[in-house]
Amino acid sequence: MDVPSKSNKAWQEIVTGKKTYQLKFLAAKILLGRLTRAVKEDPSPDNIGASVDQLYAIFANNVNMPSVQDDLKTIFG
């Protein structure tokens, strides 16, 4: 499974906390917790974009792991 583009709206919904998921990939789960707190404190478009970049990168760099593929299916269908 490929990692959906950073322009996919779901990335923004995740880092802003509009949508929540129970992630299996522990590193992404920890990162997402930090990112959603940072976006709540600073919801500027730049901060949201930077958060999407970080979350996208951790998924893209670990896309071959089964837990990452499961999480991508959960988030993007």
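**Exercise 1. Decide whether S67 counts as buried or exposed, and find what it touches.**

Solution. At a relative accessibility of 18%, S67 counts as buried, where buried means under 20% relative accessible area, exposed over 50% and partly exposed in between, with a 1.4 Å probe and protein chains only. The model is a predicted one, in which local features need pLDDT of at least 70 and side-chain atom pairs count only at pLDDT 80 or more, whereas totals for chains, interfaces and linings use all residues. Residues are numbered from 1 along each chain as its sequence is written, and side-chain values use heavy atoms, with hydrogens and water left out.

Leaving out residues up to four places away in sequence, S67 touches K24 and F25, contact meaning heavy atoms within 4.5 Å.

**Exercise 2. Describe the surroundings of F25.**

Solution. Begin with its position, since F25 is found in the loop between α1 and α2, and then take its accessibility of 8%, at which F25 counts as buried. Apart from neighbours within four places in sequence, F25 is in contact with I58, N62, M65, S67, V68 and D71. As a further step, compare sequence with space: F25 and K73 are 48 residues apart in sequence and 12 Å apart in space, C-alpha to C-alpha.

**Exercise 3. Work out which residues of helix α4 are buried and how they are arranged around the axis.**

Solution. Helix α4 runs over residues 66–76, and its buried residues are S67, V68, D71, L72 and I75. They cover an arc of only 140° around the axis, which puts them on the same side of α4; the arc is that of the directions from the helix axis to the C-beta atoms. An α-helix has 3.6 residues a turn, so residues three or four places apart point the same way. What covers these buried residues includes α1 (9–15) and α3 (45–61). Just after α4, G77 takes a positive phi of about 80°.

**Exercise 4. Count the aromatic pairs and follow those made by W11.**

Solution. Rings of Phe, Tyr and Trp (its six-membered ring) pair if their centres lie within 6.5 Å, and planes under 30 degrees apart count as stacked, over 60 as edge-to-face and the rest as tilted. By this rule the count comes to three aromatic pairs.

For W11 and Y56, the ring centres are 5.8 Å apart and the planes stand at 75°, so the pair is edge-to-face. Because W11 lies in helix α1 and Y56 in helix α3, this pair ties together parts that are 45 residues apart in sequence. W11 counts as buried at 0% relative accessibility, while Y56 is partly exposed, with a relative accessible area of 22%.

For W11 and F76, the ring centres are 5.0 Å apart and the planes stand at 55°, so the pair is tilted. Since W11 lies in helix α1 and F76 in helix α4, the pair ties together parts that are 65 residues apart in sequence.

Key:
Helix = DSSP H or I, 4+ residues; strand = E, 2+ residues; numbered from the N terminus.
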